[in-house]
Amino acid sequence: MNAVASGAAERMPVRALAGLALGNFAVGTGALVIAGVLPDVAADLQVPPAAAGQLITVYALSYAVGAPLLGAAASRLDRRRLLIGAGLLYALANLLAALSASFGMLLAARVLGSVGAALFSPTAATVASMLVAPALVPRAIGLVFGGFVISTVLGVPLGTWIGTTWGWQVALLFVSGLTVIATGVVALTLPGGLKAEGAGIGALVSTLKNTRLLVALSVAASNMASQFIPFTYIAVLLAAFSGATKDDVTVLFFAFGLASVVGNWLGGRAAARFGLTPTLLAGMLTLPVLFFALPAMHWGVTAAGVLLALWGMAGFSFSAPNQSRLVALAPHLRGVLLSLHASALYAGQAVGAAVGAFVLQTGTMDDLGWAAGIAALVTVALFLLSLWQWRPGTRGT
């Protein structure tokens, strides 16, 4: 463990972790708020909703490719300086996005933003695992990832309301300002002198050669893909299925976000009490049931709210326990594994958004739930395969 972190390892360095969580809050708000204002973006820039959805797909793909490569390239940099630089880049990208006069310019700004996000969030998770003793790693990662989760209950609904009230450009300006504040907090609370652990080109190559680790990482990609098949078009889906107005969508996003916070908290508590495997299985087995039940949103806004709340709890109980599992499987590769985990999540978003667009173009909105449910069952199968590969006594790549 880094000497700077050794003194903090016996306790929870709350201020430093809270600063990292605030940074994730800003990153999460910027990543997801575009889904809430997608209809307005499409109308203003005169593109179809399915085409506007590529703002999510391209962002996610850029993040997925960038996270491990950028993390490896920046492995020698001081973690504090890297986080500050990444935060400022993300703020600049969202400012440029807000000033975009064309869809192409907005798309380019989203790609630039994905670079900042791909450097910030995996590094934040790695630093969190370095600042505490091994027994506290799930709690530390859960706290830092909790910033992203809380963005769904506060940042995204607020950003959506700002966007639908004053325009989507103002929503992106809000994200830019929020990121500047978060970066300042990170600069003030995080100690200097932290170096990467389990990062670099060698660690990346070693991980990519390990088929068992790749299967474990694929679980995260599949889980996120199943959720983003319907989530990419959630504002459109809510209006079509439940008759939700713009104000209703804001409230429903708030309900989803609040449930996500509860799910993240429950995931950490359940993992500590019952273990990582039962906790992960419980959430993954709940999702296909909910996705197959999405047509129940036709019953009205209340039914849609209940489904979204259950979805938020099940979906967000996954990430912190899964990151903790990866660190436990190969502690010496934690840096690159957490970068690849973030990459897998965003690759899943890209695949899910693309599948959702294909479903809308070739079928109906009712088919979104069926596609998502099938993808969620694939996630369960991949996780069971990973458990079998890592059973006691198993060796090899």
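## A loop residue to start with

In which loop does Gln46 lie? Look between helix H3 (38–45) and helix H4 (49–52), and you will find Gln46 in the loop there. Please keep in mind that this is a predicted model.

Gln46 has a phi near 60°, a positive value in a residue other than glycine. Most residues other than glycine have a negative phi. Is Gln46 buried or exposed? Gln46 has a relative accessible area of 73%, and because exposed means over 50%, Gln46 counts as exposed.

## The largest pocket

Next, find the largest pocket, which holds about 540 Å³ of space. Its lining is made of 22 residues, and those closest to the centre of the pocket are Arg139, Asn264, Trp265, Gly268 and Arg269. Helix H8 (137–166) and helix H13 (246–274) are the elements that give two or more residues to this lining.

Which helix gives the largest share of the lining of the largest pocket? That is H13, with 10 residues. Sorted by class, the lining of the largest pocket has 14 nonpolar residues, five polar ones and three charged ones.

## The second largest pocket

The second largest pocket holds about 180 Å³ of space. Among the 13 residues in its lining, Leu266, Gly283, Met313, Ala314 and Ser317 are the closest to its centre.

Three helices each supply at least two residues of this lining: H13, helix H14 (276–292) and helix H15 (301–315). The largest share comes from H14, with five residues. In the lining of the second largest pocket, seven residues are nonpolar, six are polar and none is charged.

## Space inside

How many cavities of 30 Å³ or more does the structure hold? There are four cavities of 30 Å³ or more, and the largest cavity has about 420 Å³ of space. It is lined by 29 residues, with Phe145, Phe148, Met224, Ser319 and Leu345 closest to its centre.

Several elements give two or more residues to the lining of the largest cavity: helix H2 (14–36), helix H7 (103–130), H8, helix H11 (211–231), H15, helix H16 (319–329) and helix H17 (334–362). H17 gives the largest share, six residues. By class, the lining of the largest cavity has 20 nonpolar and nine polar residues, with no charged ones.

Why is H16 described as largely enclosed by the rest of the structure? Nine of the 11 residues of H16 are buried, so H16 is largely enclosed. To see this for yourself, pick out the buried residues of H16: Ser319, Ala320, Pro321, Asn322, Gln323, Ser324, Arg325, Leu326 and Val327.

## Where two helices cross

Two packed helices are described by the angle between their axes and the distance between the axes. For helix H10 (residues 201–208) and H17, the axes come within 9 Å and cross at roughly 65°. The crossing of H10 and H17 is right-handed.

Which residues make the contact? On H10 they are Ala203, Leu204, Thr207 and Leu208, and on H17 they are Val336, Leu337 and Leu340. This contact has six nonpolar residues, one polar residue and no charged ones.

Gln349 is another residue of H17. With 5% relative accessibility, Gln349 counts as buried, because buried means under 20%. Apart from its neighbours within four places in sequence, Gln349 is in contact with Ala60, Met224 and Phe228.

Gly147 belongs to helix H8 and is buried, at 4% relative accessibility. Leaving out residues up to four places away in sequence, Gly147 touches Ala21, Asn24 and Phe25. Gly147 and Val14 are 133 residues apart in sequence, and their C-alpha atoms are 13 Å apart in space. Finally, go to Ala371 in helix H18 (residues 366–389). Ala371 touches Ile229 and Val359, again not counting residues up to four places away in sequence. From Ala371 to Ala182 the separation is 189 residues in sequence and 37 Å in space, C-alpha to C-alpha.

Notes
Residues are numbered from 1 along each chain as its sequence is written. This is a predicted model: local features need pLDDT of at least 70, side-chain atom pairs count only at pLDDT 80 or more; totals for chains, interfaces and linings use all residues. Side-chain values use heavy atoms; hydrogens and water are left out. On a 1 Å grid over the protein atoms alone, a cavity is a set of points where a 1.4 Å probe fits but cannot get out, and a pocket is an open set with protein on both sides within 12 Å along at least five of seven lines; lining residues have an atom within 4 Å of a point. Grid points are joined across faces, edges and corners, and a volume is the space filled by probe spheres set on the points. Helices (H or I, at least four residues) and strands (E, at least two) are DSSP runs, numbered from the N terminus. Ala, Val, Leu, Ile, Met, Phe, Trp, Tyr, Cys and Pro count as nonpolar, Asp, Glu, Lys and Arg as charged, and the others, Gly among them, as polar. Axes are lines fitted to C-alpha atoms, for helices over the stretch in contact, and angles run from 0 to 180 degrees between N-to-C directions. A crossing is left-handed if the near helix is turned anticlockwise from the far one by less than a right angle, and right-handed if clockwise. Contact means heavy atoms within 4.5 Å. Buried means under 20% relative accessible area, exposed over 50%, partly exposed in between (1.4 Å probe, protein chains only).
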